[in-house]
Amino acid sequence: MSPALLAAGAPAWAQIGLGHYLVVSALLFTLGILAMVARRNAIGVLIGIELVLNAANVNLVAFGRFTDAGPKGPVFAIFVILLAAAEAAIMLALLLNIFERSGSVSVDDATELRG
Amino acid sequence: MNDILAKTGDVLRDWGPALLFYGMAGLVLATAAYAVLARKIDHSAFSLMACFAGVAGLYALLGSDFLAAAQVVVYVGGIMVLVVFGVLLTDRLPIEFRQISRETAVQGLAVAIPVAVAILGAVLGTAWPTRPEEAVADEGTTREIGVLLLTDYLFPFEFASVLLLVALVGAARLARGGRS
């Protein structure tokens with residue numbers, strides 16, 4: 001999006017800046033936290049974790065676009081995406097194991113490691 | 001006629017970026033909310049896919065073309081396939097685990113509302129540093145990202161690739177569940 005597109009003719013709320021992206025990211029993060037706490041299904045919890053990671057990425061890219069961080073923002077976001085992929089693969093492998101053992105993917109049923 | 005065209009161009013130039021942003025943000029938040037609240041976990045998973053695509057749109061609006069493509073390939077193409085597999089392989093649950101009970105909804109809101117207030121307060125109450133618009137490259141960030149990954153961030157890059165290999169081999173080993 002070229003800077004020339006941000007003309008002076010539009011009102012303030014139509015001038016999309018860093019704050020707009022940070023608010024979207026904050027709401028996305030909150031929805032992820034809500035899913036992680038409120039869902040009892042482990043796949044629902046995984047969905048919440050992915051939402052939180054995406055919210056963090058939106059922040060990183062927005063800071064890269066609007067501040068001096070420049071391309072360092074997207075580079076960190078790439079590492080976050082990579083770790084999210086590794087984490088999703090491990091989590092689903094664990095989940096399949098738990099499901100085979102106990103016949104449930106409720107996080108409340110996986111209590112074997114509780115002291 | 002030329003006047004009308006010029007006016008339309010002005011309106012698009014003034015409002016186009018804002019309309020795109022609000023559209024994408026609305027799509028992302030609405031699909032994320034449905035993914036969190038849907039009664040059926042498979043509805044949740046497909047709503048999450050639309051949410052990831054919307055986030056890719058936000059990256060594109062931010063001028064991060066490479067990351068938008070990576071988001072589509074890795075999240076929409078990869079992680080979503082994993083999640084859908086997980087849903088299909090474990091879809092024999094009693095109905096009460098599929099939805100959010102009143103008890104856990106209260107617990108979730110008790111955590112989520114303070115988090116939202118704290119983050120939104122910090123976001124809206126801080127004067128964020130900005131850089132002049134002239135400094136923003138118009139041709140996207142792919143080249144700069146590539147240079148950074150192979151110079152300043154070479155070690156994290158290689159380390160991350162080894163980590164990903166270990167994680168995927170480990171996941172394959174775990175998913176076999178002790179069977180040889």
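The following paragraphs describe how the two chains of this predicted model are built and how they pack against each other.

Chain A contains 3 helices and 0 strands, and its elements follow the pattern α-α-α along the sequence. Of its 115 residues, 53% are buried. Where contacts in chain A span a separation of 6 or more, 44% of them involve residues 24 or more positions apart. Chain B has 6 helices and 0 strands, running α-α-α-α-α-α from the N terminus on. Its 180 residues include 24% that are buried. Among the contacts of chain B between residues at least 6 apart in sequence, 57% join residues at least 24 apart.

Chain B is also divided by its domain assignment, which gives domain 1 (1-124) and domain 2 (139-180). The C-alpha centres of these two domains of chain B lie 25 Å apart. Contact between them involves 4 residues of domain 1 and 4 residues of domain 2. On the domain 1 side, the touching residues divide into 1 nonpolar, 2 polar and 1 charged.

Turning to the meeting of the two chains, 69 residues of chain A are in contact with 80 residues of chain B. On the side of chain A that touches chain B, two or more residues come from each of α1 (18-38), α2 (42-66) and α3. Helix α3(A) provides the largest share of this side, with 22 residues. Sorted by class, the side of chain A that touches chain B has 51 nonpolar, 11 polar and 7 charged residues.

Helix α3 of chain A (residues 72-102) packs with helix α3 of chain B (residues 65-89) at an angle of about 10°, and their axes are 10 Å apart. Because angles under 35 degrees count as roughly parallel, α3(A) is roughly parallel to α3(B). From α3(A), the residues making this contact include A:Pro74, A:Ile78, A:Ile81, A:Ala85, A:Ala88, A:Leu92 and A:Leu96. Those contributed by α3(B) include B:Phe66, B:Leu67, B:Val74, B:Gly78, B:Leu82, B:Phe85 and B:Leu89. By class, the contact of α3(A) with α3(B) has 19 nonpolar, 2 polar and no charged residues.

The α2 helices form another such pair. Helix α2(A) and helix α2 of chain B (residues 41-61) pack at an angle of about 5°, with their axes 11 Å apart. This makes α2(A) roughly parallel to α2(B). On the chain A side, A:Ile43, A:Gly44, A:Ile47, A:Glu50, A:Asn54, A:Val58 and A:Val61 take part. They meet B:Ile41, B:Ser44, B:Leu48, B:Phe52, B:Val55, B:Leu58 and B:Tyr59 of α2(B). The contact of α2(A) with α2(B) comprises 10 nonpolar, 3 polar and 1 charged residues.

Leaving aside neighbours within four places in sequence, A:Leu28 is in contact with A:Leu51, A:Asn54, A:Ala55 and A:Val58 in chain A, and with B:Val28, B:Leu29 and B:Ala32 in chain B.

A:Gly19 counts as partly exposed because it has 14 C-beta neighbours inside 10 Å. Although A:Gly19 and A:Ala62 are 43 residues apart along the chain, their C-alpha atoms are separated by 9.1 Å. Beyond its neighbours within four places in sequence, A:Gly19 is in contact with B:Val123, B:Leu124 and B:Trp128.

Note on methods:
Residues are numbered from 1 along each chain as its sequence is written. Chains are lettered from A and ligands numbered from 1 in the order in which they are written. This is a predicted model: local features need pLDDT of at least 70, side-chain atom pairs count only at pLDDT 80 or more; totals for chains, interfaces and linings use all residues. Axes are lines fitted to C-alpha atoms, for helices over the stretch in contact, and angles run from 0 to 180 degrees between N-to-C directions. Helices (H or I, at least four residues) and strands (E, at least two) are DSSP runs, numbered from the N terminus. Angles under 35 degrees count as roughly parallel, over 145 as roughly antiparallel, 65 to 115 as roughly perpendicular and the rest as oblique. Two residues are in contact if their C-beta atoms, placed from the backbone, lie within 7 Å. Ala, Val, Leu, Ile, Met, Phe, Trp, Tyr, Cys and Pro count as nonpolar, Asp, Glu, Lys and Arg as charged, and the others, Gly among them, as polar. A residue is buried if 20 or more other C-beta atoms lie within 10 Å of its own, exposed if 12 or fewer, and partly exposed in between; C-beta atoms are placed from the backbone. Domain bounds come from an automatic or database domain assignment.
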